Amino acid sequence: MEPRSVPGVLATMEVKEPVAKRILVTGGTGLVGKAIEKVVADGEGRPDEEWIFVSSRDADLTSATETKALFEQHKPTHVIHLAAMVGGLFKNIRYNLDFWRRNIHINDNVLHSAYETGVQKVVSCLSTCIFPDKTTYPIDETMIHNGPPHSSNFGYSYAKRMIDIQNRGYFEQHGCRFTAVIPTNVFGPHDNFNIEDGHVLPGLIHKVYLAKQNGSALTVWGTGKPRRQFIYSLDLARLFLWVLREYDEVEPIILSVGEEDEVSIREAAEAIVEAMDFRGELLFDTTKADGQFKKTASNAKLRRYLPSFQFTPFRQAVKETCAWFSTNYANARK
């Protein structure tokens with residue numbers, strides 16, 4: 001499959017400015033990659049930018065040889081690095097070693113190929129689950145390495161933390177502008193809606209869809225009490241563009257709604273029930289693990305840079321995501 005290229009130029013314009021930035025997006029067919037592609041296509045792209053979205057079908061990024069060939073083929077000036085082995089709580093618990101090894105290989109290959117081919121800037125994607133399990137709240141960007149992560153996903157968490165170490169190393173040793181963002185729980189169209197291996201919100205959306213189809217009760221795993229900050233993928237995509245163009249620190253930045261917008265799993269389930277007009281019973285299976293109770297993140301650093309950024313209201317974003325899933329059920333990842 002050919003990687004998709006989205007020039008930041010309207011087809012109707014007669015005079016094309018020279019493309020100054022060639023932006024390679026790894027993991028370009030995933031949740032965040034698709035969101036970036038949409039906001040770029042919907043008018044956020046700029047005339048001097050060419051966007052190239054690649055997936056695992058274009059190169060196996062665990063292979064140093066294939067990764068380097070990908071970079072030599074596309075010659076990017078900028079990279080948004082989203083590719084990763086990802087999964088929900090229960091998949092992480094089962095495969096911690098696989099999460100560690102695959103992600104370490106992917107990240108090392110991407111960052112080193114970027115360095116070797118003279119890429120000007122790399123923005124990698126971390127996660128709030130990498131923060132220490134025992135910590136004070138709200139967590140902020142200075143606390144990443146202050147203690148072990150939650151035991152349920154230590155493989156993924158340590159592999160993602162190492163991106164921050166490598167970014168510092170490439171900057172100190174080679175002057176590279178490699179940085180990272182730390183989103184909270186992302187959701188939206190093109191997510192992985194697999195009930196076993198997906199994240200909590202898309203898994204719940206799929207469960208509600210099936211419960212409604214079958215006329216059965218909705219069973220939510222766990223107590224419903226853990227709290228999360230959810231960020232809509234299209235909001236995150238707009239913030240990624242800002243980071244790529246404007247944010248010059250090597251230190252990572254948390255991309256999140258405010259602490260006051262944290263919701264419980266029960267509240268998230270109720271928002272989905274409302275969005276999909278589900279009339280059945282809502283049950284909680286307390287024999288299933290809850291994972292971390294909360295991982296409240298501070299977006300104070302983001303707000304210092306962008307005090308007036310408008311996030312999509314949670315219930316509106318849930319409604320749009322549920323509508324997308326229902327419309328695209330046959331082809332959605334599930």
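Buried means under 20% relative accessible area, exposed over 50%, and partly exposed in between, with a 1.4 Å probe and protein chains only. These views show a predicted model, in which local features need pLDDT of at least 70, side-chain atom pairs count only at pLDDT 80 or more, and totals for chains, interfaces and linings use all residues. Residues are numbered from 1 along each chain as its sequence is written, and side-chain values use heavy atoms, leaving out hydrogens and water.

**View A. Strand 4 is covered on both faces.** Here you can follow residues 78-81, where H78 and I80 lie on one side, V79 and H81 lie on the other, and all are buried. In a regular strand, side chains alternate between the two faces of the sheet. Strands (E, at least two residues) and helices (H or I, at least four) are DSSP runs, numbered from the N terminus.

**View B. Strand 4 pairs with strand 2 and with strand 5.** Pairing takes at least two DSSP bridges between two strands. Strand 2 (residues 21-26) runs parallel to strand 4 over four bridges, with I23 opposite H78. Four bridges also join strand 4 to strand 5 (residues 121-125), again in parallel, and I80 stands opposite V123.

**View C. A300 sits in helix 9.** This helix covers residues 300-305. With a relative accessibility of 36%, A300 counts as partly exposed. Look for E259 too: A300 and E259 are 41 residues apart in sequence, and their C-alpha atoms are 9.7 Å apart in space.

**View D. L97 is found in helix 4.** L97 is exposed, because its relative accessible area is 57%.
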